Amino acid sequence: MSLEKRRSPGNSKGCMMSSAQHQTTLGSKLEVLECHFTWDLDPSRSELLHLRDKLEDIGTEEGYNWLGHIYNLQGFIHHQLGLEEDALRFFSRAAEALRQIRNTVSDEGPWLVVNYGNLAWLHLHLGEQAESQAYLLKVDALLNEYPSPSPDEPHPEICAEKAWTLMKFGTNNKMQAVGYFQRAIRMKPDMVEWHTSNTLALVGAYKHRLEVDVFEKMKIAKEHDPENLYLTALYLEQCARRGQKIKDEVRKLARRVLRKPVSSYSGIKPILKFYRSYISMDEAIDLAEEALERHPDERYLKRCAAICYKWRVLLHGDNPPVQSVMDRAIGLYQEVIALYPQSTLKRKITLANIYAESSHGQAKADQIFQELLEGEQEPADRQMLYCCYAKHAHAVQKQSYKSIEFHMKAVAIRHQSVYRANSIRILEKIKERNRNKMCGEIEEFLAKLQD
(Lines give C-alpha, C1' and ligand atoms only; values in the text may rest on other atoms or scores of the structure.)
Protein backbone atom coordinates (compact mmCIF):
# COMPACT_ATOMS: atom_id res chain seq x y z
CA MET A 1 0.00 0.00 0.00
CA SER A 2 1.37 3.40 -0.96
CA LEU A 3 2.07 6.13 1.57
CA GLU A 4 -0.67 8.26 -0.01
CA LYS A 5 -3.25 5.50 0.43
CA ARG A 6 -2.19 4.81 3.98
CA ARG A 7 -2.53 8.48 4.85
CA SER A 8 -5.95 9.06 3.30
CA PRO A 9 -8.09 7.60 6.11
CA GLY A 10 -6.16 9.66 8.65
CA ASN A 11 -6.49 12.74 6.47
CA SER A 12 -10.23 12.16 6.15
CA LYS A 13 -10.59 11.74 9.91
CA GLY A 14 -8.47 14.83 10.47
CA CYS A 15 -10.64 16.84 8.08
CA MET A 16 -13.77 15.68 9.87
CA MET A 17 -12.30 16.59 13.25
CA SER A 18 -11.19 19.96 11.91
CA SER A 19 -14.67 20.63 10.51
CA ALA A 20 -16.33 19.62 13.78
CA GLN A 21 -13.90 21.75 15.79
CA HIS A 22 -14.53 24.70 13.46
CA GLN A 23 -18.29 24.34 13.89
CA THR A 24 -17.90 24.15 17.67
CA THR A 25 -15.74 27.29 17.69
CA LEU A 26 -18.19 29.08 15.39
CA GLY A 27 -21.11 28.03 17.57
CA SER A 28 -19.43 29.33 20.71
CA LYS A 29 -18.86 32.69 19.02
CA LEU A 30 -22.48 32.86 17.93
CA GLU A 31 -23.64 32.17 21.49
CA VAL A 32 -22.50 35.63 22.61
CA LEU A 33 -24.37 37.48 19.85
CA GLU A 34 -27.43 39.58 20.69
CA CYS A 35 -30.21 38.14 18.53
CA HIS A 36 -33.40 36.10 18.68
CA PHE A 37 -31.47 32.83 18.78
CA THR A 38 -29.74 33.81 22.05
CA TRP A 39 -32.59 35.62 23.86
CA ASP A 40 -33.99 32.48 25.55
CA LEU A 41 -37.22 32.61 23.56
CA ASP A 42 -38.83 29.20 23.98
CA PRO A 43 -42.47 29.36 22.89
CA SER A 44 -44.56 26.27 22.23
CA ARG A 45 -45.66 25.45 18.69
CA SER A 46 -49.18 26.76 19.31
CA GLU A 47 -47.72 30.01 20.71
CA LEU A 48 -45.54 30.36 17.62
CA LEU A 49 -48.52 29.92 15.30
CA HIS A 50 -50.59 32.40 17.29
CA LEU A 51 -47.75 34.94 17.29
CA ARG A 52 -47.24 34.52 13.54
CA ASP A 53 -50.89 35.49 13.01
CA LYS A 54 -50.59 38.47 15.37
CA LEU A 55 -47.56 39.82 13.51
CA GLU A 56 -49.33 39.51 10.16
CA ASP A 57 -52.28 41.49 11.54
CA ILE A 58 -50.06 44.45 12.49
CA GLY A 59 -49.74 45.28 8.80
CA THR A 60 -47.04 47.27 7.02
CA GLU A 61 -48.37 50.83 7.46
CA GLU A 62 -49.25 51.06 11.16
CA GLY A 63 -46.29 48.82 11.95
CA TYR A 64 -43.90 50.73 9.68
CA ASN A 65 -41.49 51.93 12.39
CA TRP A 66 -41.16 48.35 13.64
CA LEU A 67 -41.28 46.60 10.27
CA GLY A 68 -37.68 45.41 10.45
CA HIS A 69 -38.32 44.00 13.92
CA ILE A 70 -41.56 42.35 12.74
CA TYR A 71 -39.75 40.62 9.87
CA ASN A 72 -36.85 39.60 12.14
CA LEU A 73 -39.26 37.97 14.57
CA GLN A 74 -41.20 36.36 11.73
CA GLY A 75 -37.93 34.91 10.46
CA PHE A 76 -37.18 33.41 13.88
CA ILE A 77 -40.72 32.04 14.19
CA HIS A 78 -40.51 30.35 10.80
CA HIS A 79 -37.14 28.85 11.70
CA GLN A 80 -38.64 27.47 14.91
CA LEU A 81 -41.46 25.97 12.85
CA GLY A 82 -38.92 24.29 10.56
CA LEU A 83 -39.65 26.56 7.58
CA GLU A 84 -36.08 27.59 6.79
CA GLU A 85 -36.67 29.10 3.33
CA ASP A 86 -39.40 31.33 4.74
CA ALA A 87 -37.10 32.24 7.63
CA LEU A 88 -34.37 33.32 5.22
CA ARG A 89 -36.90 35.33 3.20
CA PHE A 90 -38.12 37.19 6.28
CA PHE A 91 -34.60 37.91 7.54
CA SER A 92 -33.73 39.37 4.11
CA ARG A 93 -36.89 41.52 4.17
CA ALA A 94 -35.96 42.67 7.69
CA ALA A 95 -32.57 43.94 6.53
CA GLU A 96 -34.14 45.87 3.66
CA ALA A 97 -36.87 47.33 5.90
CA LEU A 98 -34.36 48.45 8.53
CA ARG A 99 -32.30 50.26 5.88
CA GLN A 100 -35.36 52.05 4.49
CA ILE A 101 -36.75 53.05 7.90
CA ARG A 102 -33.48 54.51 9.16
CA ASN A 103 -33.02 56.32 5.81
CA THR A 104 -29.39 57.20 6.45
CA VAL A 105 -26.54 57.88 4.06
CA SER A 106 -24.98 54.50 4.84
CA ASP A 107 -26.85 51.23 4.21
CA GLU A 108 -25.13 49.81 7.28
CA GLY A 109 -25.75 50.67 10.91
CA PRO A 110 -26.17 49.25 14.41
CA TRP A 111 -29.84 48.48 13.68
CA LEU A 112 -28.58 45.56 11.54
CA VAL A 113 -26.65 43.83 14.35
CA VAL A 114 -29.58 41.65 15.43
CA ASN A 115 -30.51 40.83 11.85
CA TYR A 116 -26.96 39.79 10.93
CA GLY A 117 -26.78 37.72 14.12
CA ASN A 118 -29.99 35.93 13.13
CA LEU A 119 -28.61 35.23 9.66
CA ALA A 120 -25.35 33.89 11.13
CA TRP A 121 -27.35 31.45 13.27
CA LEU A 122 -29.69 30.43 10.46
CA HIS A 123 -26.82 29.63 8.10
CA LEU A 124 -25.14 27.59 10.83
CA HIS A 125 -28.36 25.55 11.25
CA LEU A 126 -28.42 25.07 7.46
CA GLY A 127 -24.86 23.72 7.58
CA GLU A 128 -23.51 26.73 5.67
CA GLN A 129 -20.54 27.61 7.83
CA ALA A 130 -18.87 30.00 5.41
CA GLU A 131 -22.00 32.14 5.16
CA SER A 132 -22.43 31.99 8.93
CA GLN A 133 -18.84 33.12 9.45
CA ALA A 134 -19.35 35.97 6.97
CA TYR A 135 -22.32 37.34 8.94
CA LEU A 136 -20.41 36.95 12.20
CA LEU A 137 -17.66 39.14 10.73
CA LYS A 138 -20.30 41.69 9.67
CA VAL A 139 -21.60 41.83 13.24
CA ASP A 140 -18.09 42.37 14.57
CA ALA A 141 -17.49 45.15 12.03
CA LEU A 142 -20.73 46.94 12.98
CA LEU A 143 -20.00 46.72 16.71
CA ASN A 144 -16.53 48.14 16.14
CA GLU A 145 -17.79 50.97 13.93
CA TYR A 146 -20.83 51.80 16.08
CA PRO A 147 -19.91 51.15 19.73
CA SER A 148 -22.56 51.53 22.40
CA PRO A 149 -22.68 54.97 24.09
CA SER A 150 -22.52 53.06 27.38
CA PRO A 151 -19.62 50.58 27.59
CA ASP A 152 -21.53 48.22 29.90
CA GLU A 153 -24.70 48.11 27.80
CA PRO A 154 -25.62 46.69 24.40
CA HIS A 155 -26.18 49.34 21.73
CA PRO A 156 -29.52 51.16 22.21
CA GLU A 157 -30.78 49.79 18.86
CA ILE A 158 -30.18 46.27 20.18
CA CYS A 159 -31.88 47.05 23.52
CA ALA A 160 -34.92 48.48 21.73
CA GLU A 161 -35.34 45.50 19.41
CA LYS A 162 -34.90 43.05 22.28
CA ALA A 163 -37.50 44.98 24.29
CA TRP A 164 -39.98 45.05 21.40
CA THR A 165 -39.49 41.30 20.86
CA LEU A 166 -39.95 40.41 24.54
CA MET A 167 -43.24 42.37 24.52
CA LYS A 168 -44.66 39.76 22.17
CA PHE A 169 -43.98 36.82 24.49
CA GLY A 170 -46.59 37.18 27.20
CA THR A 171 -47.21 39.28 30.28
CA ASN A 172 -44.33 37.74 32.22
CA ASN A 173 -41.81 39.21 29.76
CA LYS A 174 -43.30 42.69 29.62
CA MET A 175 -41.46 44.05 32.67
CA GLN A 176 -38.22 42.72 31.23
CA ALA A 177 -39.13 44.53 28.00
CA VAL A 178 -39.67 47.73 29.97
CA GLY A 179 -36.19 47.40 31.42
CA TYR A 180 -34.61 47.12 27.97
CA PHE A 181 -36.66 50.02 26.58
CA GLN A 182 -35.56 52.21 29.45
CA ARG A 183 -31.91 51.30 28.86
CA ALA A 184 -32.32 52.17 25.17
CA ILE A 185 -34.08 55.46 25.98
CA ARG A 186 -31.38 56.51 28.46
CA MET A 187 -28.77 56.18 25.72
CA LYS A 188 -30.91 57.56 22.89
CA PRO A 189 -33.79 59.64 24.31
CA ASP A 190 -35.10 61.15 21.06
CA MET A 191 -36.82 58.00 19.66
CA VAL A 192 -40.57 58.68 20.09
CA GLU A 193 -41.61 55.14 19.15
CA TRP A 194 -39.39 53.72 21.91
CA HIS A 195 -41.13 55.89 24.50
CA THR A 196 -44.54 54.84 23.18
CA SER A 197 -43.71 51.14 23.14
CA ASN A 198 -42.17 51.37 26.60
CA THR A 199 -45.50 52.77 27.83
CA LEU A 200 -47.46 50.03 26.03
CA ALA A 201 -45.24 47.41 27.67
CA LEU A 202 -45.92 48.97 31.08
CA VAL A 203 -49.67 48.96 30.40
CA GLY A 204 -49.47 45.31 29.39
CA ALA A 205 -47.54 44.40 32.52
CA TYR A 206 -50.04 46.17 34.80
CA LYS A 207 -53.13 45.48 32.75
CA HIS A 208 -55.26 44.37 35.71
CA ARG A 209 -54.06 47.02 38.18
CA LEU A 210 -52.70 50.08 36.40
CA GLU A 211 -50.77 52.20 38.86
CA VAL A 212 -51.01 55.99 39.02
CA ASP A 213 -47.50 56.63 37.69
CA VAL A 214 -48.14 54.32 34.71
CA PHE A 215 -51.33 56.25 33.92
CA GLU A 216 -49.35 59.51 34.00
CA LYS A 217 -46.75 58.00 31.68
CA MET A 218 -49.56 57.04 29.28
CA LYS A 219 -50.73 60.66 29.28
CA ILE A 220 -47.23 61.98 28.56
CA ALA A 221 -46.57 59.37 25.84
CA LYS A 222 -49.91 60.23 24.18
CA GLU A 223 -48.98 63.91 24.09
CA HIS A 224 -45.61 63.13 22.49
CA ASP A 225 -47.10 60.66 19.97
CA PRO A 226 -50.52 62.14 19.12
CA GLU A 227 -50.92 60.16 15.89
CA ASN A 228 -50.71 56.83 17.72
CA LEU A 229 -54.44 56.23 18.03
CA TYR A 230 -53.92 52.81 19.61
CA LEU A 231 -52.21 54.43 22.58
CA THR A 232 -54.88 57.15 22.68
CA ALA A 233 -57.65 54.53 22.78
CA LEU A 234 -55.96 52.70 25.67
CA TYR A 235 -55.50 55.98 27.51
CA LEU A 236 -59.17 56.94 27.15
CA GLU A 237 -60.22 53.52 28.44
CA GLN A 238 -58.15 54.16 31.56
CA CYS A 239 -59.76 57.59 31.91
CA ALA A 240 -63.18 55.92 31.84
CA ARG A 241 -62.08 53.47 34.53
CA ARG A 242 -61.28 56.48 36.68
CA GLY A 243 -64.81 57.81 36.26
CA GLN A 244 -64.18 60.42 33.57
CA LYS A 245 -67.05 61.10 31.12
CA ILE A 246 -65.40 60.74 27.74
CA LYS A 247 -67.92 58.94 25.51
CA ASP A 248 -68.05 61.80 22.99
CA GLU A 249 -64.27 61.93 22.77
CA VAL A 250 -64.12 58.19 22.11
CA ARG A 251 -66.81 58.47 19.43
CA LYS A 252 -64.71 61.14 17.67
CA LEU A 253 -61.64 58.93 17.97
CA ALA A 254 -63.57 56.04 16.44
CA ARG A 255 -64.23 58.13 13.30
CA ARG A 256 -60.49 58.83 12.98
CA VAL A 257 -59.62 55.16 13.45
CA LEU A 258 -62.08 54.08 10.74
CA ARG A 259 -60.17 56.26 8.26
CA LYS A 260 -56.83 54.65 9.04
CA PRO A 261 -55.35 51.55 7.34
CA VAL A 262 -56.48 48.28 8.89
CA SER A 263 -54.09 47.07 11.57
CA SER A 264 -54.15 45.48 15.00
CA TYR A 265 -52.45 48.74 16.11
CA SER A 266 -54.95 51.11 14.49
CA GLY A 267 -56.89 51.38 17.74
CA ILE A 268 -60.09 49.65 16.60
CA LYS A 269 -59.88 46.78 19.09
CA PRO A 270 -59.57 48.90 22.29
CA ILE A 271 -62.25 51.27 20.97
CA LEU A 272 -64.67 48.38 20.43
CA LYS A 273 -63.86 47.18 23.94
CA PHE A 274 -64.66 50.67 25.25
CA TYR A 275 -67.99 50.67 23.40
CA ARG A 276 -68.89 47.26 24.86
CA SER A 277 -67.95 48.30 28.39
CA TYR A 278 -69.12 51.93 28.58
CA ILE A 279 -71.62 52.57 25.77
CA SER A 280 -73.48 49.45 24.62
CA MET A 281 -72.93 46.05 23.04
CA ASP A 282 -75.22 46.96 20.15
CA GLU A 283 -73.33 50.16 19.33
CA ALA A 284 -70.07 48.19 19.42
CA ILE A 285 -71.56 45.77 16.88
CA ASP A 286 -72.69 48.67 14.68
CA LEU A 287 -69.17 50.16 14.72
CA ALA A 288 -67.56 46.79 13.93
CA GLU A 289 -69.98 46.27 11.04
CA GLU A 290 -69.21 49.75 9.69
CA ALA A 291 -65.50 48.96 9.75
CA LEU A 292 -66.21 45.73 7.87
CA GLU A 293 -68.28 47.56 5.27
CA ARG A 294 -65.27 49.73 4.52
CA HIS A 295 -62.88 46.74 4.37
CA PRO A 296 -65.00 43.62 3.79
CA ASP A 297 -62.07 41.26 3.17
CA GLU A 298 -59.92 42.14 6.19
CA ARG A 299 -59.66 39.13 8.48
CA TYR A 300 -58.60 41.21 11.48
CA LEU A 301 -61.80 43.25 11.31
CA LYS A 302 -63.84 40.06 11.04
CA ARG A 303 -62.07 38.85 14.17
CA CYS A 304 -62.90 42.12 16.00
CA ALA A 305 -66.54 41.92 14.89
CA ALA A 306 -66.76 38.28 15.97
CA ILE A 307 -65.57 39.25 19.48
CA CYS A 308 -68.32 41.89 19.71
CA TYR A 309 -70.97 39.36 18.72
CA LYS A 310 -69.52 36.81 21.13
CA TRP A 311 -70.01 39.12 24.12
CA ARG A 312 -73.47 40.15 22.90
CA VAL A 313 -74.47 36.47 22.93
CA LEU A 314 -72.66 35.29 26.04
CA LEU A 315 -73.28 38.34 28.29
CA HIS A 316 -76.83 39.18 27.34
CA GLY A 317 -78.27 39.40 30.87
CA ASP A 318 -82.01 40.03 30.64
CA ASN A 319 -81.75 41.02 26.97
CA PRO A 320 -81.17 37.82 24.97
CA PRO A 321 -80.06 38.30 21.35
CA VAL A 322 -82.48 37.74 18.49
CA GLN A 323 -81.83 34.80 16.17
CA SER A 324 -80.28 36.99 13.45
CA VAL A 325 -77.57 38.10 15.94
CA MET A 326 -76.94 34.46 16.91
CA ASP A 327 -76.64 33.51 13.24
CA ARG A 328 -74.25 36.39 12.53
CA ALA A 329 -72.09 35.44 15.53
CA ILE A 330 -71.91 31.82 14.35
CA GLY A 331 -71.17 32.83 10.75
CA LEU A 332 -68.40 35.23 11.74
CA TYR A 333 -66.71 32.69 14.00
CA GLN A 334 -66.82 30.09 11.25
CA GLU A 335 -65.18 32.60 8.89
CA VAL A 336 -62.53 33.62 11.44
CA ILE A 337 -61.67 29.98 12.16
CA ALA A 338 -61.11 29.44 8.44
CA LEU A 339 -59.02 32.64 8.16
CA TYR A 340 -56.76 31.67 11.10
CA PRO A 341 -56.45 27.92 10.41
CA GLN A 342 -53.34 27.36 12.55
CA SER A 343 -54.68 28.90 15.77
CA THR A 344 -58.29 27.77 16.06
CA LEU A 345 -58.69 26.04 19.44
CA LYS A 346 -59.90 28.99 21.51
CA ARG A 347 -62.19 30.18 18.71
CA LYS A 348 -63.73 26.73 18.29
CA ILE A 349 -64.44 26.67 22.02
CA THR A 350 -66.11 30.08 21.69
CA LEU A 351 -68.15 28.84 18.73
CA ALA A 352 -69.31 25.88 20.81
CA ASN A 353 -70.29 28.26 23.63
CA ILE A 354 -72.29 30.39 21.20
CA TYR A 355 -74.11 27.34 19.83
CA ALA A 356 -74.88 26.31 23.41
CA GLU A 357 -76.76 29.60 23.94
CA SER A 358 -79.15 28.71 21.13
CA SER A 359 -82.25 26.70 21.99
CA HIS A 360 -81.44 24.27 19.17
CA GLY A 361 -77.64 24.42 19.30
CA GLN A 362 -76.62 22.15 22.18
CA ALA A 363 -76.05 19.12 19.97
CA LYS A 364 -73.71 21.17 17.73
CA ALA A 365 -71.87 22.51 20.78
CA ASP A 366 -71.44 18.98 22.14
CA GLN A 367 -70.14 17.84 18.75
CA ILE A 368 -67.50 20.61 18.58
CA PHE A 369 -66.26 19.82 22.09
CA GLN A 370 -66.15 16.10 21.36
CA GLU A 371 -64.09 16.64 18.21
CA LEU A 372 -61.68 18.84 20.14
CA LEU A 373 -61.35 16.29 22.96
CA GLU A 374 -60.52 13.60 20.40
CA GLY A 375 -57.81 15.78 18.86
CA GLU A 376 -54.25 16.41 20.00
CA GLN A 377 -53.10 19.53 21.80
CA GLU A 378 -50.05 20.69 23.71
CA PRO A 379 -50.45 20.47 27.51
CA ALA A 380 -51.33 24.16 28.00
CA ASP A 381 -53.99 24.02 25.29
CA ARG A 382 -55.32 20.72 26.60
CA GLN A 383 -55.66 22.26 30.04
CA MET A 384 -57.66 25.18 28.64
CA LEU A 385 -59.92 22.74 26.76
CA TYR A 386 -60.56 20.62 29.87
CA CYS A 387 -61.45 23.69 31.95
CA CYS A 388 -63.83 25.05 29.30
CA TYR A 389 -65.45 21.68 28.71
CA ALA A 390 -65.91 21.21 32.48
CA LYS A 391 -67.94 24.44 32.52
CA HIS A 392 -69.94 23.30 29.48
CA ALA A 393 -70.67 19.95 31.15
CA HIS A 394 -71.95 21.75 34.24
CA ALA A 395 -73.90 24.64 32.71
CA VAL A 396 -75.24 23.10 29.50
CA GLN A 397 -75.17 19.32 29.85
CA LYS A 398 -76.13 19.47 33.56
CA GLN A 399 -73.62 16.71 34.34
CA SER A 400 -71.91 17.72 37.59
CA TYR A 401 -69.78 14.58 37.93
CA LYS A 402 -68.40 14.95 34.42
CA SER A 403 -67.72 18.63 35.13
CA ILE A 404 -65.76 17.76 38.26
CA GLU A 405 -63.84 15.06 36.40
CA PHE A 406 -62.68 17.53 33.74
CA HIS A 407 -61.80 20.25 36.24
CA MET A 408 -59.59 17.66 37.94
CA LYS A 409 -58.06 16.74 34.58
CA ALA A 410 -57.28 20.42 33.96
CA VAL A 411 -55.63 20.78 37.38
CA ALA A 412 -53.66 17.56 36.93
CA ILE A 413 -51.75 19.17 34.05
CA ARG A 414 -48.85 20.87 35.85
CA HIS A 415 -48.92 24.10 33.92
CA GLN A 416 -49.58 27.32 35.81
CA SER A 417 -52.33 29.27 34.06
CA VAL A 418 -55.59 31.13 34.68
CA TYR A 419 -57.44 27.97 33.60
CA ARG A 420 -55.74 25.77 36.18
CA ALA A 421 -56.31 28.38 38.89
CA ASN A 422 -59.96 28.67 37.87
CA SER A 423 -60.51 24.92 38.02
CA ILE A 424 -58.86 24.75 41.45
CA ARG A 425 -61.16 27.54 42.74
CA ILE A 426 -64.25 25.74 41.41
CA LEU A 427 -63.21 22.44 43.00
CA GLU A 428 -62.53 24.18 46.32
CA LYS A 429 -65.99 25.79 46.28
CA ILE A 430 -67.66 22.43 45.57
CA LYS A 431 -65.72 20.91 48.47
CA GLU A 432 -66.66 23.77 50.83
CA ARG A 433 -70.38 23.48 50.02
CA ASN A 434 -70.13 19.76 50.82
CA ARG A 435 -73.24 18.81 48.81
CA ASN A 436 -71.69 16.62 46.13
CA LYS A 437 -70.99 12.90 46.44
CA MET A 438 -67.50 13.54 45.05
CA CYS A 439 -66.49 15.93 47.84
CA GLY A 440 -64.30 13.30 49.50
CA GLU A 441 -62.55 12.54 46.24
CA ILE A 442 -62.09 16.28 45.56
CA GLU A 443 -60.61 16.83 49.03
CA GLU A 444 -58.14 13.98 48.55
CA PHE A 445 -57.24 15.27 45.08
CA LEU A 446 -56.62 18.85 46.30
CA ALA A 447 -54.58 17.59 49.25
CA LYS A 448 -52.21 15.81 46.85
CA LEU A 449 -51.54 19.12 45.11
CA GLN A 450 -49.81 20.34 48.26
CA ASP A 451 -47.32 17.45 48.22
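**Entry 1: the largest cavity**

I listed the lining of the largest cavity as V257, L258, K260, P261, V262, S263, S266, I268, A291, R294, H295 and L301. The model is a predicted one, in which local features need pLDDT of at least 70 and side-chain atom pairs count only at pLDDT 80 or more, while totals for chains, interfaces and linings use all residues. Residues are numbered from 1 along each chain as its sequence is written, and side-chain values use heavy atoms, with hydrogens and water left out.

I noted the terms used: on a 1 Å grid over the protein atoms alone, a cavity is a set of points where a 1.4 Å probe fits but cannot get out, a pocket is an open set with protein on both sides within 12 Å along at least five of seven lines, and lining residues have an atom within 4 Å of a point. The volume of the largest cavity is about 80 Å³, a volume being the space filled by probe spheres set on grid points joined across faces, edges and corners. My search of the whole structure returned three cavities of 30 Å³ or more.

By class, the lining of the largest cavity has seven nonpolar, three polar and two charged residues (Ala, Val, Leu, Ile, Met, Phe, Trp, Tyr, Cys and Pro count as nonpolar, Asp, Glu, Lys and Arg as charged, and the others, Gly among them, as polar). Helix 12 (247–258) and helix 14 (281–294) each supply at least two residues of this lining; helices are DSSP runs of H or I with at least four residues, numbered from the N terminus.

**Entry 2: helix 12 and its partners**

I then asked at what angle helix 12 and helix 14 pack. The angle is about 20°, with the axes 11 Å apart; axes are lines fitted to C-alpha atoms over the stretch in contact, and angles run from 0 to 180 degrees between N-to-C directions. Helix 12 is therefore roughly parallel to helix 14 (angles under 35 degrees count as roughly parallel, over 145 as roughly antiparallel and 65 to 115 as roughly perpendicular). R251, A254, R255 and L258 of helix 12 meet E283, L287, E290, A291 and R294 of helix 14, contact meaning heavy atoms within 4.5 Å. I counted four nonpolar, no polar and five charged residues in the contact of helix 12 with helix 14.

Helix 11 (residues 229–241) packs against helix 12 at about 160°, the axes again being 11 Å apart. Helix 11 and helix 12 are therefore roughly antiparallel. Their contact involves L229, T232, A233 and L236 from helix 11, and E249, V250, L253, R256 and V257 from helix 12. This contact has six nonpolar, one polar and two charged residues.

**Entry 3: the second largest pocket**

Which residues lie nearest the centre of the second largest pocket? They are E62, N65, W66, D225 and N228, out of 22 lining residues. The pocket holds about 410 Å³ of space. Helix 7 (156–167), helix 9 (192–205) and helix 11 each supply at least two lining residues, and helix 9 gives the largest share, five residues. The lining divides into 10 nonpolar, five polar and seven charged residues.

**Entry 4: helix 2 and helix 15**

Helix 2 (residues 45–58) and helix 15 (residues 299–314) pack at about 110°, with their axes 10 Å apart. Helix 2 is therefore roughly perpendicular to helix 15. I found D53, E56 and D57 of helix 2 meeting R299, Y300 and R303 of helix 15. The residues of this contact comprise one nonpolar, no polar and five charged.
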